[in-house]
Amino acid sequence: MSAGIDALKEALPTGAWTQDPDLIDPHLREWRDKYFGKTPILVTPRTTEEVATAVKICAAHKLPIMPQGGNTGLVGGNTPQDEVLISLKKMTAIRDLNTTANAMTVEAGATLQSVLDAADEANRKFPLTLSSQGSCTVGGVLSTNAGGNHVLKYGTTKELVFGVEAVLADGSIFNGLTSLRKDNTGYDLSRLFLGAEGTLGIITAASLKLFPKPGYVQRALIGLESAAMAVSLLEAFRAGGKLAMFEVMPEIGYRAVVDNFDGIRDPFANSHPWYLLCDWEVETEEEGQSIAENVIGKAFENNQVRDAIIALNETQAADILSIREHMSAGQKFLGGSVKHDITVPIDQIATFFKRADAAMQNVVPGCRPVGFGHFGDGNIHYNIAQPEGSDREAFLKNWDALSQPVFDIVDTLGGSISAEHGIGIMKREDLAERASPVKMKLLRAIKSALDPDRIMNPRVMV
Ligand SMILES: Cc1cc2nc3c(=O)[nH]c(=O)nc-3n(C[C@H](O)[C@H](O)[C@H](O)COP(=O)(O)OP(=O)(O)OC[C@H]3O[C@@H](n4cnc5c(N)ncnc54)[C@H](O)[C@@H]3O)c2cc1C
(Lines give C-alpha, C1' and ligand atoms only; values in the text may rest on other atoms or scores of the structure.)
Protein backbone atom coordinates (compact mmCIF):
# COMPACT_ATOMS: atom_id res chain seq x y z
CA MET A 1 0.00 0.00 0.00
CA SER A 2 2.77 2.48 0.89
CA ALA A 3 4.13 2.65 -2.71
CA GLY A 4 0.67 3.69 -3.90
CA ILE A 5 0.31 6.27 -1.13
CA ASP A 6 3.76 7.68 -1.96
CA ALA A 7 2.75 7.88 -5.64
CA LEU A 8 -0.40 9.83 -4.68
CA LYS A 9 1.63 12.28 -2.59
CA GLU A 10 4.07 12.79 -5.41
CA ALA A 11 1.51 13.24 -8.20
CA LEU A 12 -0.98 15.49 -6.44
CA PRO A 13 -0.31 19.18 -5.77
CA THR A 14 0.33 20.43 -2.25
CA GLY A 15 -2.94 20.96 -0.47
CA ALA A 16 -4.71 18.21 -2.42
CA TRP A 17 -3.90 15.54 0.15
CA THR A 18 -3.19 15.26 3.88
CA GLN A 19 -2.16 12.67 6.45
CA ASP A 20 -2.66 15.06 9.38
CA PRO A 21 -4.82 13.14 11.91
CA ASP A 22 -6.52 16.34 13.12
CA LEU A 23 -7.63 17.27 9.61
CA ILE A 24 -8.68 13.71 8.79
CA ASP A 25 -10.56 13.02 12.02
CA PRO A 26 -13.90 14.75 11.17
CA HIS A 27 -14.06 12.63 8.01
CA LEU A 28 -13.84 9.40 10.01
CA ARG A 29 -16.86 9.80 12.27
CA GLU A 30 -20.48 10.26 11.33
CA TRP A 31 -23.01 12.39 13.19
CA ARG A 32 -24.71 9.54 15.14
CA ASP A 33 -21.37 8.11 16.35
CA LYS A 34 -22.40 4.73 14.94
CA TYR A 35 -19.41 4.21 12.63
CA PHE A 36 -15.75 5.13 13.17
CA GLY A 37 -13.22 4.84 10.38
CA LYS A 38 -9.55 4.97 9.40
CA THR A 39 -7.71 5.92 6.23
CA PRO A 40 -4.06 6.10 5.17
CA ILE A 41 -4.65 9.40 3.36
CA LEU A 42 -7.31 12.04 2.72
CA VAL A 43 -7.31 13.32 -0.87
CA THR A 44 -9.09 16.62 -1.52
CA PRO A 45 -8.92 17.33 -5.26
CA ARG A 46 -9.90 20.72 -6.68
CA THR A 47 -10.56 19.61 -10.26
CA THR A 48 -11.93 16.63 -12.16
CA GLU A 49 -8.44 16.07 -13.57
CA GLU A 50 -7.00 15.81 -10.05
CA VAL A 51 -9.68 13.24 -9.17
CA ALA A 52 -8.73 11.31 -12.32
CA THR A 53 -5.01 11.44 -11.43
CA ALA A 54 -5.73 10.08 -7.95
CA VAL A 55 -7.98 7.28 -9.24
CA LYS A 56 -5.46 6.25 -11.93
CA ILE A 57 -2.75 5.83 -9.27
CA CYS A 58 -5.11 3.90 -6.99
CA ALA A 59 -6.07 1.67 -9.95
CA ALA A 60 -2.42 0.99 -10.80
CA HIS A 61 -1.68 0.03 -7.19
CA LYS A 62 -5.08 -1.66 -6.62
CA LEU A 63 -5.77 0.68 -3.69
CA PRO A 64 -9.40 0.73 -2.57
CA ILE A 65 -11.13 4.13 -2.72
CA MET A 66 -14.03 5.63 -0.82
CA PRO A 67 -15.58 8.85 -2.20
CA GLN A 68 -17.00 11.22 0.40
CA GLY A 69 -19.23 14.28 0.21
CA GLY A 70 -20.76 15.91 3.28
CA ASN A 71 -20.40 12.74 5.39
CA THR A 72 -24.11 12.78 6.33
CA GLY A 73 -24.97 9.35 4.89
CA LEU A 74 -26.76 7.03 7.28
CA VAL A 75 -25.73 3.52 6.19
CA GLY A 76 -21.98 3.51 6.82
CA GLY A 77 -20.97 3.87 3.15
CA ASN A 78 -19.16 7.12 3.92
CA THR A 79 -16.89 5.86 6.72
CA PRO A 80 -13.61 4.40 5.40
CA GLN A 81 -11.86 1.31 6.76
CA ASP A 82 -8.41 1.76 5.21
CA GLU A 83 -9.69 2.95 1.81
CA VAL A 84 -8.07 6.04 0.27
CA LEU A 85 -10.62 8.69 1.20
CA ILE A 86 -11.38 11.08 -1.67
CA SER A 87 -13.40 14.04 -0.43
CA LEU A 88 -15.03 16.25 -3.06
CA LYS A 89 -15.45 19.12 -0.60
CA LYS A 90 -13.19 21.51 -2.55
CA MET A 91 -15.11 21.09 -5.82
CA THR A 92 -18.00 23.46 -5.19
CA ALA A 93 -18.34 25.59 -8.34
CA ILE A 94 -21.61 26.23 -10.10
CA ARG A 95 -20.33 25.91 -13.65
CA ASP A 96 -23.47 27.06 -15.42
CA LEU A 97 -27.08 28.05 -14.75
CA ASN A 98 -29.36 28.31 -17.76
CA THR A 99 -32.91 29.52 -17.17
CA THR A 100 -33.99 28.80 -20.76
CA ALA A 101 -33.00 25.13 -20.49
CA ASN A 102 -33.95 25.13 -16.79
CA ALA A 103 -30.64 23.44 -16.02
CA MET A 104 -27.75 23.99 -13.62
CA THR A 105 -24.33 22.35 -13.91
CA VAL A 106 -22.65 22.09 -10.55
CA GLU A 107 -19.61 20.37 -9.09
CA ALA A 108 -20.07 17.39 -6.83
CA GLY A 109 -18.80 18.99 -3.62
CA ALA A 110 -21.31 21.87 -3.65
CA THR A 111 -23.72 21.60 -0.74
CA LEU A 112 -27.37 21.01 -1.48
CA GLN A 113 -28.10 24.32 0.29
CA SER A 114 -25.86 26.22 -2.15
CA VAL A 115 -27.76 24.65 -5.07
CA LEU A 116 -31.11 25.61 -3.51
CA ASP A 117 -29.87 29.18 -2.99
CA ALA A 118 -28.52 29.52 -6.54
CA ALA A 119 -31.78 28.21 -8.02
CA ASP A 120 -33.77 30.58 -5.83
CA GLU A 121 -31.67 33.57 -6.89
CA ALA A 122 -32.42 32.68 -10.51
CA ASN A 123 -36.15 32.55 -9.67
CA ARG A 124 -36.19 28.77 -10.05
CA LYS A 125 -36.73 25.83 -7.73
CA PHE A 126 -34.54 22.77 -7.22
CA PRO A 127 -37.03 20.51 -5.47
CA LEU A 128 -34.84 18.46 -3.14
CA THR A 129 -34.88 19.34 0.54
CA LEU A 130 -33.45 17.27 3.39
CA SER A 131 -32.73 18.16 7.01
CA SER A 132 -29.04 17.66 6.16
CA GLN A 133 -29.08 20.09 3.20
CA GLY A 134 -26.59 22.50 4.80
CA SER A 135 -23.92 19.76 4.80
CA CYS A 136 -24.80 17.09 2.24
CA THR A 137 -23.39 17.52 -1.25
CA VAL A 138 -24.53 17.10 -4.84
CA GLY A 139 -22.28 14.03 -5.23
CA GLY A 140 -23.71 12.51 -2.05
CA VAL A 141 -27.38 13.08 -2.83
CA LEU A 142 -26.94 11.72 -6.36
CA SER A 143 -24.97 8.72 -5.14
CA THR A 144 -27.62 7.84 -2.55
CA ASN A 145 -30.55 8.87 -4.78
CA ALA A 146 -31.79 10.91 -1.82
CA GLY A 147 -35.51 11.40 -1.31
CA GLY A 148 -36.55 14.06 1.16
CA ASN A 149 -39.73 16.04 1.54
CA HIS A 150 -40.83 16.70 -2.05
CA VAL A 151 -40.71 13.25 -3.66
CA LEU A 152 -44.51 13.21 -3.67
CA LYS A 153 -44.57 15.93 -6.33
CA TYR A 154 -41.12 15.86 -7.97
CA GLY A 155 -39.74 12.33 -7.49
CA THR A 156 -36.43 11.21 -5.97
CA THR A 157 -33.04 12.67 -6.99
CA LYS A 158 -32.95 10.34 -10.01
CA GLU A 159 -35.78 12.38 -11.53
CA LEU A 160 -33.94 15.65 -11.00
CA VAL A 161 -30.78 14.94 -12.99
CA PHE A 162 -30.04 15.35 -16.72
CA GLY A 163 -26.61 13.72 -16.54
CA VAL A 164 -23.32 13.43 -14.67
CA GLU A 165 -19.59 13.77 -15.15
CA ALA A 166 -17.79 10.91 -13.39
CA VAL A 167 -14.31 9.52 -12.99
CA LEU A 168 -14.40 5.77 -13.67
CA ALA A 169 -12.46 3.09 -11.80
CA ASP A 170 -9.62 3.20 -14.36
CA GLY A 171 -9.28 6.97 -14.02
CA SER A 172 -10.98 7.86 -17.32
CA ILE A 173 -13.53 10.67 -17.34
CA PHE A 174 -17.12 10.06 -18.50
CA ASN A 175 -18.81 13.28 -19.61
CA GLY A 176 -22.60 12.91 -19.48
CA LEU A 177 -23.28 16.57 -18.73
CA THR A 178 -26.19 17.73 -20.84
CA SER A 179 -29.42 19.65 -20.58
CA LEU A 180 -31.11 17.62 -23.33
CA ARG A 181 -34.51 16.33 -22.35
CA LYS A 182 -34.41 13.88 -25.22
CA ASP A 183 -31.38 11.66 -25.97
CA ASN A 184 -32.05 8.07 -26.97
CA THR A 185 -28.51 7.07 -27.93
CA GLY A 186 -28.07 3.83 -26.01
CA TYR A 187 -28.11 2.94 -22.34
CA ASP A 188 -28.66 5.84 -19.95
CA LEU A 189 -25.10 5.76 -18.58
CA SER A 190 -25.45 8.74 -16.25
CA ARG A 191 -28.26 6.93 -14.45
CA LEU A 192 -25.91 4.07 -13.50
CA PHE A 193 -24.17 6.44 -11.09
CA LEU A 194 -27.40 7.59 -9.40
CA GLY A 195 -27.91 5.53 -6.26
CA ALA A 196 -24.62 3.67 -6.89
CA GLU A 197 -23.15 4.84 -3.55
CA GLY A 198 -19.72 5.39 -5.05
CA THR A 199 -19.34 1.76 -6.14
CA LEU A 200 -19.03 2.48 -9.89
CA GLY A 201 -17.05 5.72 -10.03
CA ILE A 202 -16.74 9.19 -8.54
CA ILE A 203 -19.30 11.79 -9.60
CA THR A 204 -17.43 15.06 -10.15
CA ALA A 205 -20.25 17.22 -11.53
CA ALA A 206 -23.92 17.00 -12.47
CA SER A 207 -26.41 18.75 -14.67
CA LEU A 208 -29.53 19.27 -12.55
CA LYS A 209 -33.12 20.03 -13.57
CA LEU A 210 -34.67 23.29 -12.42
CA PHE A 211 -38.38 23.96 -12.06
CA PRO A 212 -40.58 27.06 -11.95
CA LYS A 213 -40.73 28.56 -8.47
CA PRO A 214 -44.24 28.33 -7.04
CA GLY A 215 -45.93 31.67 -6.43
CA TYR A 216 -46.79 30.73 -2.84
CA VAL A 217 -46.34 27.75 -0.51
CA GLN A 218 -49.21 27.11 1.89
CA ARG A 219 -48.25 25.09 4.94
CA ALA A 220 -50.44 23.46 7.61
CA LEU A 221 -49.83 21.36 10.73
CA ILE A 222 -52.61 19.00 11.75
CA GLY A 223 -53.20 16.98 14.93
CA LEU A 224 -54.51 13.45 14.32
CA GLU A 225 -55.72 10.38 16.18
CA SER A 226 -53.70 7.79 14.25
CA ALA A 227 -51.27 7.10 11.40
CA ALA A 228 -54.18 5.47 9.55
CA MET A 229 -56.07 8.76 9.77
CA ALA A 230 -53.16 10.55 8.08
CA VAL A 231 -53.24 8.07 5.19
CA SER A 232 -57.02 8.50 4.89
CA LEU A 233 -56.47 12.23 4.18
CA LEU A 234 -53.95 11.78 1.37
CA GLU A 235 -56.36 11.44 -1.54
CA ALA A 236 -58.41 14.53 -0.69
CA PHE A 237 -55.31 16.59 0.14
CA ARG A 238 -53.57 15.89 -3.14
CA ALA A 239 -56.59 16.55 -5.36
CA GLY A 240 -55.66 19.24 -7.87
CA GLY A 241 -52.01 18.14 -7.92
CA LYS A 242 -50.79 20.96 -5.65
CA LEU A 243 -49.76 18.86 -2.65
CA ALA A 244 -45.95 18.99 -2.39
CA MET A 245 -45.26 17.67 1.12
CA PHE A 246 -47.05 15.12 3.35
CA GLU A 247 -44.94 14.37 6.43
CA VAL A 248 -46.15 12.51 9.50
CA MET A 249 -44.75 12.47 13.05
CA PRO A 250 -45.82 10.49 16.13
CA GLU A 251 -46.34 12.23 19.47
CA ILE A 252 -43.22 10.72 21.10
CA GLY A 253 -40.90 12.09 18.39
CA TYR A 254 -42.73 15.41 18.16
CA ARG A 255 -42.48 15.92 21.95
CA ALA A 256 -38.77 15.03 21.93
CA VAL A 257 -38.31 18.01 19.58
CA VAL A 258 -40.65 20.66 21.02
CA ASP A 259 -39.65 19.90 24.63
CA ASN A 260 -35.89 19.93 24.10
CA PHE A 261 -34.72 22.37 21.42
CA ASP A 262 -34.35 26.05 22.23
CA GLY A 263 -36.41 28.20 19.91
CA ILE A 264 -38.81 25.43 18.88
CA ARG A 265 -42.24 25.51 20.50
CA ASP A 266 -45.41 23.49 20.22
CA PRO A 267 -47.97 25.65 18.38
CA PHE A 268 -50.86 23.53 19.70
CA ALA A 269 -52.46 24.01 23.13
CA ASN A 270 -53.02 20.23 23.48
CA SER A 271 -51.03 17.14 22.55
CA HIS A 272 -52.14 14.80 19.77
CA PRO A 273 -51.19 11.17 19.10
CA TRP A 274 -49.98 12.02 15.57
CA TYR A 275 -49.11 15.13 13.54
CA LEU A 276 -49.28 15.78 9.80
CA LEU A 277 -47.29 18.51 8.06
CA CYS A 278 -48.44 19.53 4.57
CA ASP A 279 -47.39 21.95 1.85
CA TRP A 280 -49.44 22.99 -1.13
CA GLU A 281 -47.60 24.80 -3.95
CA VAL A 282 -49.96 27.39 -5.43
CA GLU A 283 -49.98 30.69 -7.29
CA THR A 284 -51.21 33.06 -4.58
CA GLU A 285 -51.67 33.29 -0.82
CA GLU A 286 -55.45 33.49 -1.31
CA GLU A 287 -55.42 30.24 -3.31
CA GLY A 288 -53.32 28.56 -0.62
CA GLN A 289 -55.62 29.62 2.22
CA SER A 290 -58.65 28.55 0.24
CA ILE A 291 -57.27 25.03 -0.55
CA ALA A 292 -56.12 24.45 3.04
CA GLU A 293 -59.37 25.71 4.60
CA ASN A 294 -61.42 23.67 2.17
CA VAL A 295 -59.70 20.27 2.57
CA ILE A 296 -59.03 20.62 6.29
CA GLY A 297 -62.59 21.89 6.86
CA LYS A 298 -64.00 18.78 5.16
CA ALA A 299 -61.67 16.57 7.21
CA PHE A 300 -63.01 18.21 10.41
CA GLU A 301 -66.58 17.49 9.27
CA ASN A 302 -65.60 13.83 8.71
CA ASN A 303 -63.95 13.62 12.17
CA GLN A 304 -60.58 12.85 10.54
CA VAL A 305 -58.62 15.57 12.35
CA ARG A 306 -58.38 16.72 15.97
CA ASP A 307 -56.92 20.19 15.44
CA ALA A 308 -55.16 22.19 12.72
CA ILE A 309 -52.96 25.23 12.22
CA ILE A 310 -52.93 26.84 8.78
CA ALA A 311 -49.75 28.95 8.57
CA LEU A 312 -50.61 32.61 8.07
CA ASN A 313 -47.14 33.92 7.33
CA GLU A 314 -43.58 32.82 6.50
CA THR A 315 -42.43 32.84 10.12
CA GLN A 316 -45.21 30.53 11.22
CA ALA A 317 -44.55 28.29 8.21
CA ALA A 318 -40.82 28.11 9.02
CA ASP A 319 -41.52 27.38 12.70
CA ILE A 320 -43.69 24.36 12.01
CA LEU A 321 -41.29 23.00 9.38
CA SER A 322 -38.51 23.27 11.92
CA ILE A 323 -40.23 20.65 14.11
CA ARG A 324 -40.08 18.12 11.27
CA GLU A 325 -36.49 19.08 10.44
CA HIS A 326 -35.40 18.28 14.00
CA MET A 327 -37.07 14.85 14.15
CA SER A 328 -33.85 12.87 13.53
CA ALA A 329 -31.76 14.94 15.92
CA GLY A 330 -34.56 14.95 18.52
CA GLN A 331 -34.33 11.21 18.96
CA LYS A 332 -31.05 11.60 20.79
CA PHE A 333 -33.17 12.77 23.74
CA LEU A 334 -34.88 9.37 23.81
CA GLY A 335 -31.55 7.51 24.25
CA GLY A 336 -30.31 4.85 21.85
CA SER A 337 -32.31 4.19 18.67
CA VAL A 338 -32.34 1.31 16.23
CA LYS A 339 -33.15 2.91 12.87
CA HIS A 340 -34.95 1.69 9.78
CA ASP A 341 -35.71 3.47 6.53
CA ILE A 342 -38.37 1.43 4.80
CA THR A 343 -41.15 1.83 2.24
CA VAL A 344 -44.43 -0.02 2.02
CA PRO A 345 -47.33 0.54 -0.36
CA ILE A 346 -49.18 3.57 1.04
CA ASP A 347 -52.36 1.60 1.74
CA GLN A 348 -50.33 -0.81 3.89
CA ILE A 349 -48.91 1.81 6.29
CA ALA A 350 -51.44 1.12 9.06
CA THR A 351 -50.95 -2.65 8.70
CA PHE A 352 -47.20 -2.17 8.86
CA PHE A 353 -47.44 -0.25 12.15
CA LYS A 354 -49.82 -2.79 13.69
CA ARG A 355 -47.57 -5.75 12.87
CA ALA A 356 -44.21 -4.06 13.44
CA ASP A 357 -45.15 -2.43 16.77
CA ALA A 358 -46.27 -5.82 18.10
CA ALA A 359 -43.13 -7.55 16.78
CA MET A 360 -40.86 -4.98 18.46
CA GLN A 361 -42.47 -5.58 21.87
CA ASN A 362 -41.78 -9.31 21.48
CA VAL A 363 -38.07 -8.60 21.02
CA VAL A 364 -37.55 -5.79 23.57
CA PRO A 365 -40.56 -5.26 25.84
CA GLY A 366 -41.04 -1.57 26.60
CA CYS A 367 -39.13 -0.30 23.55
CA ARG A 368 -40.64 2.82 21.98
CA PRO A 369 -41.33 2.90 18.22
CA VAL A 370 -40.87 6.35 16.64
CA GLY A 371 -42.17 5.92 13.09
CA PHE A 372 -42.11 9.18 11.19
CA GLY A 373 -41.42 10.55 7.75
CA HIS A 374 -42.59 10.78 4.19
CA PHE A 375 -45.90 8.89 4.45
CA GLY A 376 -47.02 10.39 1.12
CA ASP A 377 -44.36 8.14 -0.47
CA GLY A 378 -45.05 5.18 1.85
CA ASN A 379 -41.62 5.91 3.42
CA ILE A 380 -41.40 5.40 7.18
CA HIS A 381 -38.29 6.08 9.27
CA TYR A 382 -39.26 3.35 11.69
CA ASN A 383 -36.91 4.00 14.58
CA ILE A 384 -37.06 2.11 17.85
CA ALA A 385 -36.00 4.01 20.97
CA GLN A 386 -34.71 2.18 24.00
CA PRO A 387 -37.13 1.49 26.88
CA GLU A 388 -37.17 4.37 29.35
CA GLY A 389 -34.45 3.99 31.98
CA SER A 390 -32.75 1.05 30.22
CA ASP A 391 -29.07 0.74 29.34
CA ARG A 392 -28.26 2.31 25.93
CA GLU A 393 -25.45 -0.04 24.90
CA ALA A 394 -27.34 -3.16 26.01
CA PHE A 395 -30.36 -2.02 24.00
CA LEU A 396 -28.33 -1.34 20.84
CA LYS A 397 -27.06 -4.94 20.88
CA ASN A 398 -30.60 -5.83 19.75
CA TRP A 399 -30.15 -3.98 16.42
CA ASP A 400 -30.31 -7.09 14.25
CA ALA A 401 -32.93 -8.84 16.37
CA LEU A 402 -35.20 -5.80 15.96
CA SER A 403 -34.41 -5.22 12.27
CA GLN A 404 -35.04 -8.70 10.91
CA PRO A 405 -38.75 -8.84 11.92
CA VAL A 406 -39.19 -5.31 10.49
CA PHE A 407 -37.65 -6.40 7.17
CA ASP A 408 -39.76 -9.60 7.16
CA ILE A 409 -42.93 -7.53 7.52
CA VAL A 410 -41.74 -5.11 4.82
CA ASP A 411 -41.06 -8.04 2.45
CA THR A 412 -44.49 -9.56 3.16
CA LEU A 413 -46.18 -6.25 2.37
CA GLY A 414 -44.27 -5.79 -0.89
CA GLY A 415 -42.09 -2.94 0.39
CA SER A 416 -38.39 -2.06 0.33
CA ILE A 417 -35.83 -2.39 3.14
CA SER A 418 -34.13 0.81 1.95
CA ALA A 419 -36.37 3.66 0.91
CA GLU A 420 -33.91 6.51 0.51
CA HIS A 421 -30.73 6.07 2.58
CA GLY A 422 -29.22 3.28 0.47
CA ILE A 423 -27.53 -0.01 1.33
CA GLY A 424 -24.02 1.02 2.42
CA ILE A 425 -22.37 -1.32 4.89
CA MET A 426 -25.43 -1.53 7.08
CA LYS A 427 -27.77 -3.43 4.74
CA ARG A 428 -25.32 -5.16 2.42
CA GLU A 429 -25.98 -8.64 3.82
CA ASP A 430 -29.72 -7.99 3.98
CA LEU A 431 -29.74 -7.02 0.31
CA ALA A 432 -27.84 -10.18 -0.67
CA GLU A 433 -30.23 -12.34 1.35
CA ARG A 434 -33.49 -10.68 0.41
CA ALA A 435 -33.10 -9.52 -3.21
CA SER A 436 -33.92 -12.00 -5.98
CA PRO A 437 -30.98 -14.00 -7.42
CA VAL A 438 -31.58 -12.34 -10.79
CA LYS A 439 -31.38 -8.85 -9.30
CA MET A 440 -28.15 -9.74 -7.46
CA LYS A 441 -26.71 -11.23 -10.67
CA LEU A 442 -27.42 -7.98 -12.55
CA LEU A 443 -26.03 -5.77 -9.78
CA ARG A 444 -22.83 -7.85 -9.65
CA ALA A 445 -22.50 -7.88 -13.46
CA ILE A 446 -22.69 -4.08 -13.62
CA LYS A 447 -20.17 -3.77 -10.78
CA SER A 448 -17.74 -6.19 -12.48
CA ALA A 449 -18.08 -4.43 -15.84
CA LEU A 450 -17.31 -0.97 -14.48
CA ASP A 451 -14.97 -1.87 -11.63
CA PRO A 452 -13.35 -5.26 -12.40
CA ASP A 453 -10.68 -4.87 -9.69
CA ARG A 454 -13.26 -3.80 -7.08
CA ILE A 455 -11.46 -0.64 -5.99
CA MET A 456 -14.51 1.69 -5.85
CA ASN A 457 -16.10 1.55 -2.39
CA PRO A 458 -15.52 -2.22 -2.29
CA ARG A 459 -17.22 -2.88 1.07
CA VAL A 460 -20.41 -1.08 0.05
CA MET A 461 -23.68 -2.42 -1.38
CA VAL A 462 -22.69 -5.29 -3.68
C1 LIG B 1 -30.23 14.88 9.72
C2 LIG B 1 -30.25 14.05 8.46
C3 LIG B 1 -31.41 14.00 7.70
C4 LIG B 1 -31.44 13.26 6.52
N5 LIG B 1 -32.60 13.24 5.81
C6 LIG B 1 -32.65 12.55 4.66
C7 LIG B 1 -33.85 12.53 3.89
O8 LIG B 1 -34.87 13.13 4.23
N9 LIG B 1 -33.83 11.84 2.74
C10 LIG B 1 -32.73 11.16 2.31
O11 LIG B 1 -32.77 10.55 1.25
N12 LIG B 1 -31.60 11.13 3.05
C13 LIG B 1 -31.53 11.80 4.19
N14 LIG B 1 -30.38 11.79 4.92
C15 LIG B 1 -29.26 10.94 4.49
C16 LIG B 1 -28.69 11.26 3.13
O17 LIG B 1 -28.15 10.10 2.58
C18 LIG B 1 -27.59 12.29 3.09
O19 LIG B 1 -27.94 13.42 3.73
C20 LIG B 1 -27.09 12.66 1.67
O21 LIG B 1 -27.77 12.10 0.58
C22 LIG B 1 -25.66 12.19 1.59
O23 LIG B 1 -24.90 13.23 1.05
P24 LIG B 1 -23.41 13.47 1.53
O25 LIG B 1 -22.83 14.48 0.63
O26 LIG B 1 -23.34 13.75 2.97
O27 LIG B 1 -22.76 12.06 1.20
P28 LIG B 1 -21.79 11.16 2.09
O29 LIG B 1 -22.42 10.86 3.39
O30 LIG B 1 -20.46 11.76 2.14
O31 LIG B 1 -21.74 9.84 1.21
C32 LIG B 1 -22.88 9.03 1.03
C33 LIG B 1 -22.56 7.92 0.02
O34 LIG B 1 -22.35 8.50 -1.27
C35 LIG B 1 -21.01 8.24 -1.73
N36 LIG B 1 -20.54 9.48 -2.35
C37 LIG B 1 -20.49 10.71 -1.80
N38 LIG B 1 -20.05 11.61 -2.71
C39 LIG B 1 -19.83 10.91 -3.85
C40 LIG B 1 -19.38 11.27 -5.16
N41 LIG B 1 -19.07 12.52 -5.48
N42 LIG B 1 -19.28 10.30 -6.10
C43 LIG B 1 -19.59 9.02 -5.81
N44 LIG B 1 -20.02 8.63 -4.59
C45 LIG B 1 -20.14 9.56 -3.62
C46 LIG B 1 -20.22 7.85 -0.50
O47 LIG B 1 -19.15 7.01 -0.82
C48 LIG B 1 -21.29 7.15 0.34
O49 LIG B 1 -21.46 5.82 -0.10
C50 LIG B 1 -30.30 12.53 6.10
C51 LIG B 1 -29.14 12.59 6.87
C52 LIG B 1 -29.10 13.33 8.03
C53 LIG B 1 -27.84 13.37 8.83
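1. In the shell around the ligand, α5 is the element that gives the most, with four residues. Residues 138-143 form α5, and β3 (65-68) and β10 (201-209) also supply at least two shell residues each. Helices here are DSSP runs of H or I with at least four residues, strands are E runs of at least two, and both are numbered from the N terminus.

2. A word on the source: this is a predicted model, in which local features need pLDDT of at least 70, side-chain atom pairs count only at pLDDT 80 or more, and totals for chains, interfaces and linings use all residues. Residues are numbered from 1 along each chain as its sequence is written, and side-chain values use heavy atoms, with hydrogens and water left out.

3. The ligand is surrounded by 35 residues, the closest being Pro67, Thr72, Gly73, Ser132 and Thr137 (a heavy atom within 4 Å). By class, 22 of the shell residues are polar, eleven nonpolar and two charged; note that Gly is counted as polar.

4. For the side chain of Asn457, the distance is 3.0 Å. The protein buries 96% of the 980 Å² that the ligand exposes when taken alone (Shrake-Rupley method, 1.4 Å probe).

5. Turning to domains, 14 residues of domain 1 contact 16 of domain 2 (heavy atoms within 4.5 Å).

Note on methods: A polar contact is a pair of N or O atoms within 3.5 Å; within protein, one must be able to donate a hydrogen and the other to accept it, and residues adjacent in sequence count only if both atoms are side-chain atoms.
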